[in-house]
Amino acid sequence: MKTCMFTGMFRRERFETAIENAAKIGYDAVEIRYAPDHFPPELTDSEIRARGAHIRALGLEVAEIYGFAGGFSMKSDEECEKQLPLFARLLEVADMLGTDLVKIECGGPNAFLAKPWHFEKSAYYIARLARM
């Protein structure tokens, strides 16, 4: 078994501080919070690879990337379509960091309040993502 730390635990710190803390604490891997205030989507490929090298130099691996793409059940079709290229970029980033796990959000409301169409809409867009 391996242990993993979500870098969002240190989201108010620099990303480098978050992963250095994960290594100091003794985690085996990190789940990256892929958000503008922590791991900006605007990073270049070379900047992403440099962060990946720093993670590996600390003896850690990237378990997954938590991207905030998605939210399909509560968005318009136009907004959902805009999420598709964001997810495609997440796949590229995951590949550069050596992980094949990417987490997205399906949207709300919670299961007690959701209507069948919430699930159907999310399933439709998730199926499209799965074909990427």
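Which residue of strand 3 stands opposite Ile32? Ile65 does. This is a predicted model, where local features need pLDDT of at least 70, side-chain atom pairs count only at pLDDT 80 or more, and totals for chains, interfaces and linings use all residues. Residues are numbered from 1 along each chain as its sequence is written, and side-chain values use heavy atoms, with hydrogens and water left out.

**The sheet**

- You've got 4 strands here in an open sheet, ordered 1-2-3-4, with parallel pairing; strands are DSSP E runs of at least two residues, numbered from the N terminus, and two of them pair if DSSP finds at least two bridges between them.
- Strand 1 (4-6) and strand 4 (102-105) sit at the edges, each pairing on one side only.
- From one strand to the next, the twist averages 20 degrees.
- Strand 2 (residues 29-34) and strand 3 (residues 61-70) run parallel and are joined by 6 bridges.

**Helix 3 with helix 4**

- Helices are DSSP H or I runs of at least four residues, and their axes are lines fitted to C-alpha atoms over the stretch in contact, with angles from 0 to 180 degrees between N-to-C directions.
- The axes of helix 3 (residues 77-97) and helix 4 (residues 116-130) cross at roughly 30 degrees and come within 11 Å.
- That's why helix 3 and helix 4 are roughly parallel to each other (angles under 35 degrees count as such).
- On the helix 3 side, Asp77, Cys80, Glu81, Leu84 and Phe87 meet Lys121, Tyr125, Arg128 and Leu129 of helix 4; contact means heavy atoms within 4.5 Å.

Conventions
Parallel < 35°, antiparallel > 145°, perpendicular 65-115°, else oblique.
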